[in-house]
Every structure is written in C-alpha cells, then in structure tokens.
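Colleague: I'd like to learn how to read surface patches, salt bridges and sheets from a model. Could you walk me through them?

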Amino acid sequence: MMAVLRATRHPLRWLLSVVATVALVGSVAGGAPLVAAAMGVAFGQPVGELLGRTRLRLPVVLLLLAAWMAFGWGLGWLFSGSSLGPSLLGPGWAIIASDLTRVGATTFTLWATLRALAIRLPAFLAVETGALGFTFALGFVAHRDGAVARPLWLSDPVWRAGFDPADALLALGAVFGLGLLALMALEARKRPALSAALLVPALTLTLLALIDASGLQKPPPPAELAEIRDAMGDPPLPTPPDGSSGTGESPTEEPEGGGAGEGEPKDGEGGGAQPEDGDGGAQPEDAAEGGEQPQGGEQPQGGEATGEPKEGEEPQGGEGEGEGSASPPPQPDDLDKPSSSSKSQPQPVAIILLGDDYSPPSEVFYLRQEAHSEFTGTRLGPTSRPDVDLDVITEFPNTKLAAKAPPAEDGRAVVHATVALLSEHDRAFGLETVLTFSPVVNPNPARFVAAYNVRSAAVNTPYDVLLDKPVGDPTWTEDQRAYYTKVPEDPRYAALAEEIIAGLPEDARGLPFARALAVKLWLDRNMKYTMKEKHHNVPDPTADFLFGNLTGYCVHSAHAAVFLWRSLGIPARVSTGYAVQASELQGSSLVVMSNNGHAWPELFVEGLGWTPLDVSPEQVLDEPGEPVDEEMVELLSEMAREKPDPEVAERRDPIDWAGAGRVALRLALSAVAATLALALAAAYATKLWRRLAPRLAPARALSRVGYRLALDLLAEAGISRREGETREAFARRVADAAPTFAQITTLHLDVAMGDPATAPWRAQGHGPWREALAALRAELSASVRPRRRLLGLLNPFSLFMAR
C-alpha cells in the first residue's frame, strides 16, 4: 500500500509543475507562449525523470539538455529573426512558431534539468520543490499591494461569479501549498515522524497569525459605497506632490459654515459641484461651431500642449503614456496598476502608409486595437459575449479577416493603409473601425516584424451634424442595450452626470450627443493630466479619480467619461490602441511611437456606429515630449515601400496557411485514428490466433502454445505472474482458483526442461493438453465472476499481462 501511495508523487509533481508554469506564463502572456510553456513542462518532467535514471553521466545529461535548449532558440531565431521564417509561414505564423519553440524549449529544459538533478543528487529535491513554490508565487506577484484585479485570468471570472478575488487567491495558494507538503512527504525516504506532522501545521498557523491581512484592499459591494463613505468621516486628502497616494479632494463634500471649506472644489478642480452660468455643461454649439471636433488623447510633443490651449484651438492634453519602449497600449486593466513617467526615449513601433487622403475632424488619428465594453465590477474589460462588439477584429491577420458587423459607410470615409510593425503585437490595429485586415509580404524582414493592409471606415462627419442624432442601435435587443449602459451602483456617477448637463440650454438637454459632449467638455476643463498619479491602491480607481483629485491619465478619464455617459443612458465603451496627432503626418506616412499608446471613450451614434469622443485635458502636469524625427519618418517610409522579392511573394501569396493547417490537422487526426484502429485490429487478431494455436499446432509446439493460452486465460481473469516469481510458485499460488493449472505447468516443464533426445512431447500428444485446457476454462468459469471474464475477453491488450 505504501509503495502505491509513494508512486503518486510522480503525477502529483507533474501536476504541480504544470499548474505553476501556466500560472506564471498566463499572468504575462497567452496564446502560443502559454501553450508552449504547458507543453514544455508536461514533457520536460517525465523526460528529466528518464534521463536521471539512465546510466549516462550527469555532465552528459546536462549537456544534452543545454543542446536541446540551444536548438530551440536557434529554431526560434530562424522563424522570426531571419527572412526565411516569415517568407515561408507569413509574419503571424512565424511569430507564433518562434514563441512555441523558444518558450517550449526553455520550460522543457529547465524542468527536465531540475528533475534529472533531483534524481542524481537527492539534495536537489529541496531546490526543485522551492522552484515549484517560487514559480507559482511569481505568477500572482501582481496581486500584491491590494491590486485585486491581478491576475486577470483569475480575478475576472471570480468577480463575475460574485466572489472576492483575494479569497480565491488564498484558497488557490492553500491548495497548492498542501500539494507541496504532500509531495515533500511522499518524497521522504523514511516515514515522517509524528512530531514533523504536527510541526508543519503549527508553523503554518504561526505564519498566518503574523500576516497582516487587514491591509488588503477588498472591493466592497457597490450598494454599500454610500455607507462606507459616510463611515470614513473626513474627506480624502489631496495627493502629495510625489503622487504616492491614490486619493484626493472630494469635490462633492460641502464645507460646514460659510466660506471655502476643505471639500469645496477650487478653480479648475473636479467633482460634482453645481456649475454656475453654464460652466458645468458648456454649450455644445461652441465645440461644434464650424464643424470642428474636440481633440485629445495625445502625448504632448515638443512645444505643444503644455497646459495652455492655443488660440483658436480646442485645448489639447497629453494622453499617450508610453514607457519609451515598444510596449502595448494602456489597457483598462491598468486602472489598478501603478504608472510612472518614463525618462527613456520613445521608440517607433509601426509605420503607416495611407493610401487615401483623409484628415480626421478631431485632428487625431485613433488607431483602435481592442474594445473594452464588459463591466466587471469596477472597470471595463474585453467582452466574453459572442453578440456584442462585432465590429472589432480580435485576430492577427494571417489570412484576410473581415469585421462581422461593420458600420454603415454613410458619414465615414473609407481609408486604405499599409501597416509595417517594428515591434511584435499580439493584435493588429487600424484607423478607427477596421473593415478588413489582409496580410502582405514583409517589405524589409531585417527591420519590420510583420506587415498587413487595412481597410477602415473613419468618421468624417462634423459634430454639429451629430448633435441631434439618436444614440444606440435600433437592432439591439434590450439585453444588448443594457450591456452597453451598465454602470457601477455608486449613485455619485448619475448625480454628477445630471449636474453637468444641468448647464445645457433647455433645447439641448434632451439630445443624447449634446449631453455626451457636455460631459466630455467638463472633463476637459476639470481634469489634470499626469502619468504620476497611481489610483492603484483603492477599491474603485475610477471613482477615486472622478470624485477625488481628478488627476490621472487616459485610462482614468476614458472610464470616467464612459461611466458618466452610461449613467445618462448613452451606450458607450472604452477602446485602446494608439492616438497620433494629425500634425505628425508627413505626406502619406505616419509613425506610431511607443508613447502614443492611448485609451479613449466611444459612444454609439445611430447610423454611424462607434464614434470616438475623447477627453482633452486643459491642464497637463507632465513635461512635454520630443517631436518625431522627420528623417526617421522618411527612412522608415522608404523601407516600408520597398518591393519584396517577387519570387517570395509569388510563392507565398497563393498559399492559404489556415486552410493548410486545417488539412494537416485532419490528416494528423486521421492518421492517429487509423493507427489506433490498426493497433486494435492487430491485438484482437493476435489474441484470436493464440486461442486457436493449440488446435492447429503440431505436438512438438503444444507445450509452448498450450501453456501460453493458459496464461492468457488467467490474465483475462485478472491473474498474472509476478516479477521474479517462478512458474511452479505461480501454479501453487493460483491453485485455489485453477487447480488444473499445476498439471499444465508440469506438462510444459517436462518438455521445456526435459531431455530433447527423449522427445517427451511425443508421449504427451494432443489429448492431455486439450483436456487440461478445457478443465482450466471450467474452473475459471466457476471461480471468476462472469463480468470480469467478459471484460478480460474484450480487452485487446490482456495478452500483454500474461507472463
């Protein structure tokens, strides 16, 4: 029993390794890297076990594993670092293949090395166990400091189910910790002492008592926010100059007595203060005059947007929060993630070649990559429903892709463009609403990682035309409309929205677009833009921003605008991607920089679809960025316009890799099915032959084929000879269930061990064997249950249990 129990350490270790690796990789990547990591650890553990038990010397084993890792990285470079991989597979599949080989080889080698060392050097069992715990814990490190939305693969489904992610995290950690304890107990060569079994729980309880869990920020139910706010007493304090706090002034708090109190908003600062003389809800006609669209959403460039609007222009703010590297655009998930200004130089991430003349009315090119519309408790995330956001293409264009529900082209300009990526992106992006993506041959594989064509429908309708337009899609169901208007239950959102639109003219208050524009302009005037404000150590970052110091960056303002719009019944969502000033367009070339990453709010206008209406803060606290180098733009444009090798293009263009993949998958499945069918047929045929052999075999072979059939009959009944057990001892052990088997064993040994010169098989003949085998069948029928004999008869591989 103990041997069987101890053998479970192998599948337990394998399971813990897979869970820890998937948790770590899943927190930073998905798709191909996650699959590669899971496959690497799934195969690395057993291969390391086998290598550790071979007679190869340990240095040889380590050298083989290092060679395998080098081979994987070399193959990954061949896929994405050279022109061969993209030319044969296409840019998207080349990146996927590179991720599979590199990540798979790395995880395979690391876990196989740890397992082989633990087999050869028992002291490394502690290292391997420690690596398991460290890997698992590292996957949840983003959850520290009250960042309850991390990791997203855990928090999102738990939040949707109505539970606290912190509780789920503690439960998951407890289960994994118990698994590690069980693994250590099973790995012990001696039975653990009773004192050790009592000491481990005692130490665990001591550690739990020392942990201060009261500091964890647990998001309260929205219905209780009012009670919690009243119980807090004094209003939140302003953010210190270093930006270390996530709270600020409460603009809705009325001071006691006369004069300006602590909670009274100051000039230009936010909150729900009642606007005076229309100040809270500026005339939408002012913004729409002349058909100009309010601008916003860009990082301040050199000499621009330093906090003072230019004469005759709508004030612009700095919304691009790049880190100075080819990082992805900011996501709504960053609401609870610390942000900081980077001093590093922004880098180009893509070059866009426009094929049509188009000037955005907002003076900003919005390059949408992803839409976030599903309310998850405190923020918006990508939808999990199949019937919404059908205008967004979520796949990378390895083949031609089209939007499932493109908007009407009335009021929009169809713009064709070519995008050449200088850094890897998991999703493609295009100008506003993308109609189609089409992959193209990389014009310069040494400089670009991928290239594709995009056909977009961009808004070219001035705002004064949209003022009297209704919002929402008349084809939506009630459930879909409710989905796009779901907001936090915090009543302050609706109250502030009503205060803002109260300043609108009487005839404009009933116009949904005018109401949305009033909210946008209010945020323009009252928000202070900075990347130094965190808002990450609070239950609701958007509420902390909007009803606090109104200091933050694009993710905060986009969420605030959407929640206020939704409070007014306006369908809205947050989109992420890049926002580039139209002034950066040089000819038909537009360079996308890493600091152009942006999040902006959108509302659905009937007949037009999802329309950006971005917040453009008048007050920018961060230093302006550097202008884009014109020579760099010219150089990248020339590279993107290079003609690819026609032979490569001719060889690749006609190939449908997705179709070829489906065919290859069908062939592989067919081959597996055929192999299994052949294996079953061969096993049954062999089993049938072994049953008929005693009837057809000559007398000389009866001692062999007859004894073999007897072993087969016993194996079907679940009786097999043990390792090292003699044939005589086996016959004595089964004498109660099959007494005749002793006679069969004697007949077999007389021939197998007898003198060949006397030919003992002649004396036996067919008669004794037939009688003995018939008697054995009768005895097994009487002593073994019919169901067990039937299962043994149907089992095609029972013959492998016969020894």
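Colleague: Is Leu790 buried, partly exposed or exposed?

Modeller: Buried means under 20% relative accessible area, exposed means over 50%, and partly exposed lies in between (1.4 Å probe, protein chains only). Leu790 has a relative accessible area of 47%, so the residue is partly exposed. Do keep in mind that this is a predicted model, where local features need pLDDT of at least 70, side-chain atom pairs count only at pLDDT 80 or more, and totals for chains, interfaces and linings use all residues. Residues are numbered from 1 along each chain as its sequence is written, and side-chain values use heavy atoms, with hydrogens and water left out.

Colleague: Which helices supply at least two residues each?

Modeller: Those are H21 (657–696) and H27 (786–794). H27 gives the most, with 3 residues.

Colleague: And which residues form the negative patch?

Modeller: For charge, Lys and Arg count as positive and Asp and Glu as negative, while His and the chain ends are not counted. The place of a charge is NZ of Lys, CZ of Arg, CG of Asp or CD of Glu. The negative surface patch consists of Asp629, Glu630, Glu631, Glu634, Glu638 and Glu642. Of these, Glu638 sits in helix H19 (residues 630–640) and is partly exposed at 49% relative accessible area.

Colleague: Now salt bridges: how many are there?

Modeller: Side chains of opposite charge can pair when their charged atoms come close. The rule asks for a side-chain nitrogen of Lys or Arg within 4 Å of a carboxyl oxygen of Asp or Glu, and the count comes to 21 salt bridges. One of them joins Glu128 and Arg13, at 3.9 Å from N to O. That pair links distant parts of the chain, with Glu128 in helix H7 (residues 124–138) and Arg13 in helix H2 (residues 9–26), 115 residues apart. Glu128 is buried at 2% relative accessibility, and Arg13 is also buried at 2%.

Colleague: Last one: in what order do the 3 strands of the open sheet run?

Modeller: Strands of a sheet pair through backbone hydrogen bonds, either parallel or antiparallel. Two strands count as paired if DSSP finds at least two bridges between them. The open sheet here has the order S11-S10-S16, with parallel pairing. Strands S11 (551–552) and S16 (619–620) are the edges, each pairing on one side only. Strand S10 (residues 528–529) is joined to S16 by 2 bridges, and Lys528 stands opposite Gln619 in S16.

Conventions
Patch = residues over 30% accessible without salt bridge, like charges linked within 9 Å, V, L, I, M, F, W, Y side chains within 5 Å. Areas by Shrake-Rupley, 256 points an atom, 1.4 Å probe, with all protein chains shown as cover. Helix = DSSP H or I, 4+ residues; strand = E, 2+ residues; numbered from the N terminus.
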